[in-house]
Amino acid sequence: MSFRALIVALSALVAALFLAALLVGPAGLAPGESLGALVTGQGDAAALVMREIRLPRAILAVLVGASLGLSGAALQGYLRNPLAEPGLIGVSASAALGAVIALQTGLAAAHALALPGLALAGALVAVLLLLVLAGPRGGAFTLILAGIALSSLAGALTALVLNLSPNPYAAADIVFWMMGSLADRSFTHVWLALPLTLLGWLLIAGLGRGLDALTLGEDAAEALGIRLSRLRLALVLGVAASVGAGVAVAGAIGFVGLIVPHLLRPLVGARPGRLLLASALGGAALLLASDLAVRLILPDRDLKLGVLTAILGAPLFFHLIYKTRREAGV
Amino acid sequence: MTGLILSHLSVHRGPCPVVDDVSADLRPGEFVGLIGPNGAGKTTLMRAALGLIRHRGTSSLARLSAADRARTAAWLPQMREIAWPVSVETLVGLGRTPHLRPGQRMGAADRAAIADALGRMDLAGFEHRRATALSGGEQARVLIARAVAQEAPVLIADEPIAGLDPAHQITTMRLFAGLATEGRLVVAALHDLGLAARFCTRLLVLHRGRLEEDGPPGEVLTAPTLARVFGLRAYLADTPEGPIVQPVEVVT
């Protein structure tokens, strides 16, 4: 399949799933009625459901999914390691820590924007620490080390907050929030996440050629005219902005950024630059599909999106191990 | 055409000089062999000359902007890294990176350069093979083809023929000599003194970071130099087939 055909196919898939996301829900509206209400704004209840519940939820699935797919592909390309994922640089864990503090202190209940706001603050602090720790000229290895250090610290502090939580309800809130979900989000969340997400995409989108050149290693890429320190800065800021915004509005959703680049890599001839766009579309499609599945499988139980992506993702990994072993002949 | 002028080039790691005050004027049309024992500073010298690491003194290449340098000099590192299972054609095409503006697609000239490089490295028919599935020697040739496809007036290669079979060692050395004849400057770090003597037009001998000798192979590869720098006794002969340098014994 040519690259263009793949992009067209993935775009069509995203469009179809987006439409499905608008049509499926507990309100049980007829497809014609719901789309009519969405466009015209007529029919009070239907228009409310469509415009205030389903549309922002579908848009957020596209934003968060594409950010995860794009960031995963970019990080894997930069680190030349298929196991890299957006959480690796510690931004997700730090954003989650910010959100957990908002939940624990009751700020989240007092003000709707406190939780995503503190999550974004957590992501920002993580980026600044990451850049200080990894230095301006360091290579991929120092970035991994700094990311792991930050992730562990943020994870430990999150556990500490849970540990010391005097209120079991707050603890339960925290645990459920950390599973990741797109339920009950509004356009407020979309407007909060959109600018940072787009900024992140923009920063990462220009890295294709540099990531391609990195196939030859850091030294060869630099000699090909790629400015690695600038590339790394754009990558870190891009991942932090898009994934940080995603965690702020949806919680930590795992496996999408890991598995989507993996699945699509053979279809783009393994070229890291081409994988960026394909992975962004694939991530959006996977998150839309997962969010649909969440609503269809257990409509009454509020199955968490992050739980589902992990349950879907882990077996794919098993398959990958099997395939790798078969190719290696062991 | 462009050469490479090094002036008092030094690289320090901590207080120790790894490359110590090297000056040389390398001209277009020369095939320069950089020889010296392990740890003599060959790789460091080449990376400093390219401006990839901090150094004192000047190198004409290191003063260029990153983009201009990439169009002027191709660098073939010792570490043969192919991170992803891309096609041979794609990998060799990476050599065209410096010639493309942001967003620009490859044109006829780029494709011709790739085909030419593949042909020169005896890789015609490999275009659509996965680069990671090739043998080590074949991967080495693909990476050389990548550097050749860059079509830069200067080619700097770190142990390019290590791990190649004897026939491909000779074809690669002949290719480099041919590129020099076309008016390019080729600088290659080499361990095979025999091939260096036969194909290079000039040898630089590096020992403990210092440039010990600089001249045509016949003047540089003498018994005293081989003993002092390499700790070697060698069979040296001038034959109708060209000079023969065959190390025979270690001297202490």
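Predicted model: local features only at pLDDT ≥ 70, side-chain atom pairs only at ≥ 80, totals over all residues.
In which hand, left-handed or right-handed, does α13(A) pass α15(A)? The crossing is left-handed. Start with the chain as a whole, then return to the helices.

Chain A is built from helices. Its secondary structure comes to 15 helices and 0 strands. The radius of gyration is 20 Å, close to the 20 Å that the globule rule gives for 330 residues, so chain A is as compact as a globular protein of that length. Along the principal axes, the C-alpha trace of chain A spans about 60 × 50 × 40 Å. Of the 330 residues in chain A, 51% are buried. Contacts reach across the sequence as well. Take the contacts in chain A with a separation of 6 or more: 78% of them join residues 24 or more positions apart.

Now follow helix α3 of chain A, residues 44-79. One partner is helix α9 of chain A, residues 187-205. The axes of the two come within 10 Å and cross at roughly 25 degrees. An angle under 35 degrees counts as roughly parallel, so α3(A) is roughly parallel to α9(A). The crossing of this pair is left-handed. On the α3(A) side, the contact is made by Pro56(A), Ile59(A), Leu60(A), Leu63(A), Ser67(A), Leu70(A), Ser71(A) and Ala74(A). On the α9(A) side, the contact residues include Phe187(A), His189(A), Val190(A), Trp201(A) and Ile204(A). By class, the contact of α3(A) with α9(A) divides into 12 nonpolar, 5 polar and no charged residues.

Helix α3(A) also meets α13(A). How do their axes cross, and at what angle? They come within 8 Å and cross at roughly 65 degrees. That makes α3(A) roughly perpendicular to α13(A). The crossing of α3(A) and α13(A) is right-handed. Here α3(A) presents Gly65(A), Leu68(A), Gly69(A), Ser71(A), Gly72(A), Ala73(A) and Gln76(A). They meet Val256(A), Gly257(A), Leu258(A), Val260(A) and Pro261(A) in α13(A). The contact of α3(A) with α13(A) has 6 nonpolar, 6 polar and no charged residues.

Helix α13 of chain A covers residues 256-264, and helix α15 of chain A covers residues 305-328. They pack at an angle of about 40 degrees, with their axes 10 Å apart. The two helices are therefore oblique to each other. From α13(A) come Val256(A), Leu258(A), Ile259(A) and His262(A). From α15(A) come Thr309(A), Gly313(A), Leu316(A) and Leu320(A). The contact of α13(A) with α15(A) has 5 nonpolar, 3 polar and no charged residues.

Next, step across to chain B. Here 21 residues of chain B are in contact with 19 residues of chain A. Two elements of chain B give two or more residues to its side: α2 (66-72) and α3 (88-93). Which element gives the largest share of that side? It is α2(B), with 4 residues. The side of chain B that touches chain A divides into 16 nonpolar, 3 polar and 2 charged residues.

Asp21(B) is found in strand β2 of chain B, residues 16-26. The phi of Asp21(B) is near 55 degrees, a positive value in a residue other than glycine. Asp21(B) is partly exposed, with 15 other C-beta atoms within 10 Å.

Glu159(B) has a positive phi too, about 45 degrees, although it is not a glycine. Glu159(B) sits in the loop between β6 (154-158) and α6 (166-181) of chain B. Why does Glu159(B) count as buried? Because Glu159(B) has 20 C-beta neighbours inside 10 Å, and 20 or more meets the cut-off.

Gly119(B) lies in helix α4 of chain B, residues 108-120. Gly119(B) is exposed, with 12 other C-beta atoms within 10 Å. Gly119(B) and Ala145(B) are 26 residues apart in sequence. In space, C-alpha to C-alpha, they are 8.7 Å apart.

Key:
Residues numbered from 1 in each chain as written. Chains lettered and ligands numbered in written order. Axes fitted to C-alpha atoms, helices over the stretch in contact; angles between N-to-C directions. Parallel < 35°, antiparallel > 145°, perpendicular 65-115°, else oblique. Left-handed = near helix turned anticlockwise from the far one by under 90°. Contact = placed C-beta atoms within 7 Å. Nonpolar A, V, L, I, M, F, W, Y, C, P; charged D, E, K, R; others polar. Rg over C-alpha atoms; globule rule 2.2 N^0.38 Å.
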